[in-house]
Amino acid sequence: MSMYRQLWLAIIISMLLALVGSLLASTLSARSYLEEQLTTKNVDNAAALALSLSQQQPDLVIVELAVSALFDSGHYESIEVVGPQGEVLVSRKAEVVVSTVPQWFMQMLPLDSLPGEAQITGGWTQFGTVVLKSNSSFAYASLWKSVIELVLAAVVAGLVAGYLGSRILRRLRQPLDTVIEQAQAITDRRFVTIKEPAVPELRKLGKAMNAMVERIKLMFEEQARQLEAVRREANSDPLTGLANRSYFMGRLQSALAREDSSGGALLIIRVADLVGINQRLGREATDDLLRRVGAVVSNCLDTHGDGTAARLNGADFAIMLAGKVMVGNVAELLLARLVKETAPFVEQGPAVCLGIGAFPPGLELGAVLSQVDAALAAAEADGINGIREATLGANDAPKSADEWSRLIKSAIEQHRVRLISFPVADATGGLLHRECPLRLKLTEQGEWLPAGHFLPMAERLKLTAQLDLAAIELGLTQLANDPALPGLAINLSASSLENASFLPRLVELLKQRSAVSRRLWIEVAEAGALRYFDGFKTLVLAVKAGGSRIGIEHFGRQFSQIGRFHALGLDYLKVDVSFVRDLHNNPGNQTFLKGLTHIAHSISMLVIAEGVASDEEFQALKVVGFDGATGPAIR
Amino acid sequence: MLFVACLFALWSPLPEALGFDFDRLRAALLERFDTTRLPLLDRWQQTLTIASTLPEAEKLIYINDFFNNNFYFYDDVKVWQQNDYWATPMELIGRGEGDCEDMAIAKYYSLKEVGVATEKLRMVYVKAAVHADAGPTTLAHMVLAYYPTPNAEPLVLDNLDVQIKSASQRGDLQPIFSFNSDAVWSGVAANSTRKEGTGQLTRWQDLVQRARTEGLE
């Protein structure tokens, strides 16, 4: 029985006991008072009658008259005069006692009054004894009335006490519920603090739990800070602070190969005659130059949004911008700033040259690199501060926003959507779940397009909520059709959370298919989750309440933000390919990932690697503690 | 004969019937009065002891004489500074004096103690004609009446006329009202167990309770 109910019961029982007890006590005392009053009346009336009769020489007629007169004028049950030898001389008894009081009540609470007795004498001779008993029906009526009033008063008092009791309980229950909620949250790995309850006992508990949560948070933050340092060291160029070559290649690979990639642009920047500058101005000045170039490159990335900037080697820098970018314009601006920045170091000839190219998703990494390299070589050959652009792949004929909107909507309506699937293996190679990205056919005859082709447009047109719900529905159906499937992962766009009807609809879907929704894994990309953080938090709670699992995909690029995810109670992380690429040759990333799996496991999160391309990588992942992996090497 | 009875009492053990606890009575007496009253109490004890062995007619005389000879008769106001106070036998012994009710009550207790049935005894309020110094007058008075049988003419135990006489010989007394203590006794008994602390006692009940606390059952 719940504590709340027990408290209620205790209140009710103690109230009943108190009420019944007081009812009994006051009824009994009223009864004894009435009995005493009756006895007193009996005694007094008997004495008065005997006294008045003793004053006149009493004979039977006088006595009988006097007894009748008294009897008829008052409320008596019986009046008898008994002679000295015990013989009855006069007797008057009431026939029926008419009363409104129920019979059972009179039987339950009998009023026993003592009869009054007094001597009648004629001079010195004894005439007899008056034995007188008053009618008790009036006393019964009065007792009955007082009991009814008492019961009514008890009921009213009971109602008031019940109301007050429930108020008190509610006041008690509120802080109790808060504490219980916190405990529940902690078991769900959501490390939340609560406002300390006002009730002293609960305040201690709340305080202790808050302190524990704070301590966990501090420990977590400390570990995260150390890991962030490791990550930076492993993946960045120490001189400029930009990413290093291997990290950049991982990112580029990911932009080319990822299912949801919408392509991007690559810019390679070469500082001309670095060796000459080094000889002429010395090492320190050269380093200064490189730092300045690094700053300009980094600044360019900040102004143009999502992407990665890196120093590839001695004189080469690179920028990868995600999505459709007017790469020519970006390059012009960048060149102008670079020329200005490098001017103090350059005596003659060109200072920087750029090779650039925009790429659609799906191209080979080697092909893209070699073509942009060739463009750079051509720019260098020009002998001036210049830009050459490589033409990579064929661009689709551009469509208008209206056209996109119509096409995507009709695809959803006509069910031209489907899930494709990639296995996600656990550490032993067994199937953990299948990751299922959505593909969509714009026209009946068209080809199945991966997310990268339609998602950026869908995001701009705010159509992702419909797409995501379609994907969830397909996923749940698939789970229902295949009971042996251990799990199925669907990725959602964080921008769907902007749509107010998305979350209720999602919750409803999960509830409708609650039998299979336990096997559903839902993931959101790191960048999106951080951008729509409040919405994401609500999503996490809703998904967990629905019984499904929730995680972050492409995790790690904004690792320093891990503190924000820590208290949410996430079930898993899918670590971005850029940390996985060539892991077996990268001790820095091994250290980083080892730390990452350690702290993730400390709050019971699974860690899964994305884009595993070789068995060596997979083996190295197992060593650093990964729970699962997906990618081309995982079959 | 009295002498023989005294002798008999001296060497024979006290009859079992004696219900009064004289140790308690002594203690109660000393609590409120001084030791000079003890001999009177002892004499009362002796009187009761002897009277209990006598036939009923002689019991009456013996007890009546004891009280009439050993106590002064006064009006209540003087003795207790309170109008018409009913004193218990112990209070009577303690003071050595009392009024008519106190005497009647003490005689009643004593007779009851030596085995006279209480249904034969009546307390009687009487109007008494007396010859005071100022001339003849009447007095509100109380006597104890003894009825050998219910219909018989009673014997009167009085302190105005110390001789026990039959009612017809007492022309100076006009009975007004009498009460039989039995009904009141049972009333007191019932009161003490069932209706405690109500403060509603008749005068007789009040007396009985006070006497009981002193050790007179």
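This is a predicted model: local features need pLDDT of at least 70, side-chain atom pairs count only at pLDDT 80 or more; totals for chains, interfaces and linings use all residues.
Figure 1. Chain A holds 21 helices and 20 strands. Of its 635 residues, 39% are buried. When contacts in chain A between residues at least 6 apart in sequence are counted, 69% join residues at least 24 apart. Chain B holds nine helices and seven strands. Of the 217 residues of chain B, 36% count as buried. For chain B, 58% of the contacts between residues at least 6 apart in sequence join residues at least 24 apart.

**Figure 2. Helix 1 and helix 4 of chain A.** Two packed helices are described by the angle between their axes and the distance between the axes. Helix 1 covers residues 3-55 of chain A, and helix 4 covers residues 137-187 of chain A. Their axes come within 9 Å and cross at roughly 160°. Angles over 145 degrees count as roughly antiparallel, and helix 1 of chain A and helix 4 of chain A are therefore roughly antiparallel to each other. The crossing of these two helices is right-handed. By class, the contact of helix 1 with helix 4 of chain A has 19 nonpolar, six polar and two charged residues.

**Figure 3. Helix 14 and helix 17 of chain A.** Helix 14 (residues 502-512) and helix 17 (residues 533-545) of chain A have axes that come within 10 Å and cross at roughly 15°. Because angles under 35 degrees count as roughly parallel, helix 14 of chain A is roughly parallel to helix 17 of chain A. This crossing, too, is right-handed. On the helix 14 side, A:Leu503, A:Leu506 and A:Val507 take part in the contact, and they meet A:Thr538, A:Leu539 and A:Ala542 of helix 17. By class, the contact has five nonpolar, one polar and no charged residues.

**Figure 4. Helix 12 of chain A and what covers it.** Helix 12 spans residues 451-460 of chain A. Its buried residues are A:Ala451, A:Gly452, A:His453, A:Phe454, A:Leu455 and A:Ala458. Among the elements of chain A that cover these buried residues are two helices, helix 11 (401-413) and helix 13 (464-481). Strand 13 (438-441) and strand 14 (448-449) of chain A also belong to this cover. Just after helix 12, A:Lys462 takes a positive phi of about 60°.

**Figure 5. The largest nonpolar core, and a second one.** In soluble globular proteins, nonpolar side chains tend to be buried together. The largest nonpolar core here has 77 residues. The members that touch the most other members are A:Ile490, A:Leu573, A:Val575, A:Val607, A:Ile608, A:Leu621 and A:Ala629. Helix 13 of chain A gives the most to this core, with seven residues. Leaving aside neighbours within four places in sequence, A:Ala629 is in contact with A:Ala425, A:Ile608, A:Ala609, A:Val612, A:Phe618, A:Leu621 and A:Ile634. A second, separate core of 66 residues includes A:Ile120 of chain A, as well as B:Leu60, B:Ile93 and B:Tyr147 of chain B.

**Figure 6. Where chain B touches chain A.** At this contact, 20 residues of chain B meet 16 residues of chain A. Strand 7 (173-179) and helix 8 (181-194) of chain B each supply at least two residues of the side that touches chain A. Strand 7 of chain B gives the most to that side, with five residues. By class, the side of chain B that touches chain A has 10 nonpolar, seven polar and three charged residues.

Conventions. Residues are numbered from 1 along each chain as its sequence is written. Chains are lettered from A and ligands numbered from 1 in the order in which they are written. A residue is buried if 20 or more other C-beta atoms lie within 10 Å of its own, exposed if 12 or fewer, and partly exposed in between; C-beta atoms are placed from the backbone. Helices (H or I, at least four residues) and strands (E, at least two) are DSSP runs, numbered from the N terminus. Two residues are in contact if their C-beta atoms, placed from the backbone, lie within 7 Å. Ala, Val, Leu, Ile, Met, Phe, Trp, Tyr, Cys and Pro count as nonpolar, Asp, Glu, Lys and Arg as charged, and the others, Gly among them, as polar. Axes are lines fitted to C-alpha atoms, for helices over the stretch in contact, and angles run from 0 to 180 degrees between N-to-C directions. Angles under 35 degrees count as roughly parallel, over 145 as roughly antiparallel, 65 to 115 as roughly perpendicular and the rest as oblique. A crossing is left-handed if the near helix is turned anticlockwise from the far one by less than a right angle, and right-handed if clockwise. A nonpolar core is a set of buried Ala, Val, Leu, Ile, Met, Phe, Trp, Tyr and Cys residues joined through C-beta atoms within 7 Å.
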